[in-house]
Amino acid sequence: MILRRMRYFMTQAILAMGRAPLVQAIAMGTIAIALFVACALATLMLNLDRLADQWGQEMGIIAFFEEELDAAISQAAVKHIETWPEVLSVNQRSRTLALAELRETFSSDAELLIGVEDQMLPSTIELILKPEYRQDAHRSELAGRLKVLDGFDEVAQIDYGADLMIRVRQVRQVMNIGGLVVAALVLLSVLFIISNTVRLTLFARRDEIEIMQLVGATNAFIRVPFYLEGFVQGCLGALFATLLTGSLVGIFEASATDFIE
């Protein structure tokens, strides 16, 4: 009995959608566009979070010096820093090495570095932290510890990405709030679209509904096919939005890979 009713309800819903294909296409298209906006925003937020985490994992601590450190002092400082439990490795770059790396980076645009001399670049000591110590609190504590090391009196700046991470967090907070607002608007728009489509269908079949009521059909028996119709519209719209989002993500990933290569 239940299976027979469900078969009847599904048949009626499919027939009703076939009677007004243009209205159904407009409804499903609008639902797909609304959900696509939500999917695109969610994808952007997830990738921003992933990028921020990746930056945080890869970012170390760099001490910039106004003058070239004495070789003995710098070697002693590097050996001392390597004993810290938070440090994975220490990289020291003199001005000459920094200029060589810069020239290698801009090898295809060497004219940009005409007139650049090693005296213009700072010498640096970079700390790569162990994964379990790559939080902001550990970075800040290590930066303070570097400033008081012997021979580090001429340190010009210690950079551990604090400003960048603050900006990224601010952007993430704004996008989270914006995402909630957009999600709420999308939900309301989808409900509005489906409800109005059902109302239009009810209006178009008002004579049939009156006859069904006259022969004793209950309100639930009349409404279920319309609910199924709205459900199918939402599912098809969501499927199209998902496929469109997945296709665009694949295109962007392929483009990014080609650009990097």
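Exposed here is over 50% relative accessible area, buried is under 20%, and partly exposed is in between (1.4 Å probe, protein chains only). Helices (H or I, at least four residues) and strands (E, at least two) are DSSP runs, numbered from the N terminus.

On the buried side, α3 (residues 71–81) has Ser74, Ala77, Val78 and Ile81. They share one side of α3 because they cover an arc of only 100° around the axis, taken from the directions from the helix axis to the C-beta atoms. Their packing partners are β2 (87–93), β3 (123–129) and α5 (136–147), with contact meaning heavy atoms within 4.5 Å.

## About the model

This is a predicted model, where local features need pLDDT of at least 70, side-chain atom pairs count only at pLDDT 80 or more, and totals for chains, interfaces and linings use all residues. Residues are numbered from 1 along each chain as its sequence is written, and side-chain values use heavy atoms, with hydrogens and water left out.

## Two loop residues

Glu86 sits in the loop between α3 and β2, and at 9% relative accessibility it counts as buried. Its side chain makes a polar contact of 3.0 Å with that of Arg145; such a contact is a pair of N or O atoms within 3.5 Å, where within protein one must be able to donate a hydrogen and the other to accept it, and residues adjacent in sequence count only if both atoms are side-chain atoms. Beyond its neighbours within four places in sequence, Glu86 also touches residues including Leu129, Tyr133 and Leu142.

Pro122 belongs to the loop between α4 (95–105) and β3. This proline is partly exposed, at a relative accessible area of 33%. Pro122 and Glu66 are 56 residues apart in sequence, yet 6.0 Å apart in space, C-alpha to C-alpha. Setting aside neighbours within four places in sequence, Pro122 is in contact with Phe64, Phe65, Arg95 and Ala98.

## The cavity

Searching the whole structure turns up one cavity of 30 Å³ or more. The largest cavity holds about 60 Å³ of space. On a 1 Å grid over the protein atoms alone, a cavity is a set of points where a 1.4 Å probe fits but cannot get out, and lining residues have an atom within 4 Å of a point.

Four residues of that lining come from α8, the largest share. Among the lining residues are Tyr8, Arg205, Met212 and Phe226.

Note on methods: On a 1 Å grid over the protein atoms alone, a cavity is a set of points where a 1.4 Å probe fits but cannot get out, and a pocket is an open set with protein on both sides within 12 Å along at least five of seven lines; lining residues have an atom within 4 Å of a point. Grid points are joined across faces, edges and corners, and a volume is the space filled by probe spheres set on the points.
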